[in-house]
Amino acid sequence: MVLPGFLHLSLVQAIVNPAITIGAQNCSGYGEGAYTGEVAADHIKDYQVHHVMIGHSERRRMYGETNEIVAQKVLQAEDCDLGILYCLGETKEDRENDRNE
């Protein structure tokens with residue numbers, strides 16, 4: 001599975017072996033609407049993408065995504081029948097020091 005940025009989904013789909021699954025790196029916690037810069041789960045589905053990664057540590061750390069925000073995104077993805085790659089959000093330091101359990 002590869003997870004390109006949203007701007008490159010179509011390009012990657014055109015050049016990648018069909019046996020390789022393509023997923024999205026993130027989705028919005030909201031449905032369709034005026035959420036500037038967000039990509040709704042149903043829009044991801046429009047690209048024939050069937051998986052999305054949610055809760056990545058970078059999103060949690062850099063954008064302040066809380067468990068509640070991540071949960072909203074999970075619900076949106078589930079409503080659109082997207083497979084979810086759920087990241088626990090551990091930092092590199094936590095992982096290297098065996099604090100990721």
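What radius of gyration does the chain have, and what would a compact globule with 101 residues have? The chain has 14 Å, which agrees with the value near 13 Å for a compact globule (the radius is taken over C-alpha atoms, and the globule rule is 2.2 Å times the number of residues to the power 0.38). This is a predicted model, in which local features need pLDDT of at least 70, side-chain atom pairs count only at pLDDT 80 or more, and totals for chains, interfaces and linings use all residues. Residues are numbered from 1 along each chain as its sequence is written, and side-chain values use heavy atoms, with hydrogens and water left out.

**View 1. The chain follows the pattern α-α-β-α-α-β-α along its sequence.** Five helices and two strands are present (DSSP runs, with H or I over at least four residues for helices and E over at least two for strands).

**View 2. Arg-59, Glu-65 and Lys-73 are linked in a network of salt bridges.** A salt bridge here is a side-chain nitrogen of Lys or Arg within 4 Å of a carboxyl oxygen of Asp or Glu, and a search of the whole structure finds two. Arg-59 pairs with Glu-65, their closest N and O atoms being 2.9 Å apart, while the side chains of Lys-73 and Glu-65 meet at 2.5 Å, N to O.

**View 3. Glu-65 is buried, with a relative accessible area of 7%.** Buried means under 20% relative accessible area, exposed over 50% and partly exposed in between, with a 1.4 Å probe and protein chains only. Lys-73 is buried as well as Glu-65, whereas Arg-59, at 22% relative accessibility, counts as partly exposed.
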